[in-house]
Amino acid sequence: DTGIGMTPDQLARMFQAFSQADASTTRKFGGTGLGLAISKQLVEMMGGSIWVESELGRGSTFTFLAPFGKHTLDGQARAGSDGKASLAGCRTLIVDDRDGFSATAREYLDLLGCRAETCRRSEALGRLREATHGRDPFRLVLVDLSPPEPEIFALSRAIATDPAITPNVRVCCTESPLRGENRLKEFGFAAAMQKPVTPALLQETLVAALTAAG
């Protein structure tokens, strides 16, 4: 907070309910005095702590610490009695002309145990053909469909019909949902995910798509 800052006396009561640094009726700064009190309760409920450092006329810095468990992705699990496909070692190509999405998707796929690689749209057909020729084809193709430009749909159809490319499962990622299963099939996609994509959503969608493909 780059505002007016606080004195030591004001700091001492900053996290009390209905308490403001400036309690006068003509104050220019401050709210109801409940926000920080609620923040303190929430942080302490999570087993953490919250505090403030301030200098009058210079502003304030609020900090909190809280413990969070690390989420473990089950990407290494093999197909079991439930018949679900495994992502472990699955070679995956991320097709994207924007580095932000591909970098995040690759990080998530690595966590899931996939062998992930990235390329531009113009490179996709060549990369897929090379992989087939090298007898290490891509099993999954993840395509960023934002914005949903016509050439992306044409690329998906080209991948599906190219005899030099081993059949693969294509999944698209969109900023808004593609309505209807028929539209997905029309564009050659087995499934779609809406942004923002999380590791859990990515795992669930890819496993379901691979399982359905057999």
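This is a predicted model: local features need pLDDT of at least 70, side-chain atom pairs count only at pLDDT 80 or more; totals for chains, interfaces and linings use all residues.
## Cores, contacts and salt bridges

Phe62, with 35% relative accessibility, falls in the partly exposed class (under 20% is buried, over 50% exposed, and partly exposed lies in between, with a 1.4 Å probe and protein chains only). Residues are numbered from 1 along each chain as its sequence is written, and side-chain values use heavy atoms, leaving out hydrogens and water.

**The aromatic pair**

Searching the whole structure turns up one aromatic pair (ring centres of Phe, Tyr or the six-membered ring of Trp within 6.5 Å; planes under 30 degrees apart are stacked, over 60 edge-to-face, and the rest tilted). Phe15 and Phe62 make up this edge-to-face pair, with 6.4 Å centre to centre and 80° between the planes. Helices (H or I, at least four residues) and strands (E, at least two) are DSSP runs, numbered from the N terminus. Phe15, at 16% relative accessibility, counts as buried.

How many residues does the largest nonpolar core have? There are 23, and those with the most contacts inside it are Leu87, Leu109, Leu140, Leu142, Val171, Leu202 and Leu206. At least two residues each come from helix H3 (99-111), strand S5 (140-144), strand S6 (169-174), strand S7 (191-194) and helix H7 (199-213). H7 gives the most to this core, namely five residues. Such a core joins buried Ala, Val, Leu, Ile, Met, Phe, Trp, Tyr and Cys residues through side-chain atoms within 4.5 Å.

Leaving aside residues up to four places away in sequence, Leu142 touches Leu93, Ile94, Val95, Phe101, Ala105, Leu109, Val171, Met193 and Leu202 (a contact means heavy atoms within 4.5 Å). A second, separate core has 19 residues, including Cys119, Ala131, Val141 and Phe187.

Ile38, Leu42 and Met45 make a nonpolar surface patch of about 340 Å². Patch residues have over 30% relative accessible area and no salt bridge, with nonpolar side chains (Val, Leu, Ile, Met, Phe, Trp, Tyr) joined within 5 Å and like charges within 9 Å; areas come from the Shrake-Rupley method with a 1.4 Å probe, and for residues only the protein chains shown count as cover. Ile38 is placed in helix H2 (residues 35-45) and is partly exposed, with a relative accessible area of 44%.

**Backbone details**

Most residues other than glycine have a negative phi, and most peptide bonds are trans. Two spots here are worth a look with that in mind. From Lys195 to Pro196 the peptide bond is cis, with omega near 0°, and Pro196 lies in the loop between S7 and H7. Arg135, a residue other than glycine, has a positive phi near 60°. Arg135 is found in the loop between helix H4 (121-133) and S5, where its 78% relative accessibility makes it exposed.

**Salt bridges**

Side chains of opposite charge can pair when their charged atoms come close. Nine salt bridges are present in this structure (a side-chain nitrogen of Lys or Arg within 4 Å of a carboxyl oxygen of Asp or Glu). Lys40 and Glu44 meet in one of them, at 2.7 Å from N to O; they are four residues apart in helix H2, so about one helical turn separates them.

Arg91 bridges to Glu117, with 3.0 Å between the closest N and O atoms. Because Arg91 lies in strand S3 (residues 91-95) and Glu117 in strand S4 (residues 115-119), this pair ties together parts 26 residues apart in sequence.

Asp136 and Arg115 also meet through their side chains, at 3.0 Å from N to O. Here Asp136 lies in the loop between H4 and S5 and Arg115 in strand S4, so the bridge ties together parts 21 residues apart in sequence.

| Residue | Relative accessible area | Class |
|---|---|---|
| Lys40 | 28% | partly exposed |
| Glu44 | 44% | partly exposed |
| Arg91 | 14% | buried |
| Glu117 | 22% | partly exposed |
| Asp136 | 29% | partly exposed |
| Arg115 | 38% | partly exposed |

Through shared partners, salt bridges join Arg91, Arg115, Glu117, Arg127 and Asp136 into one network.
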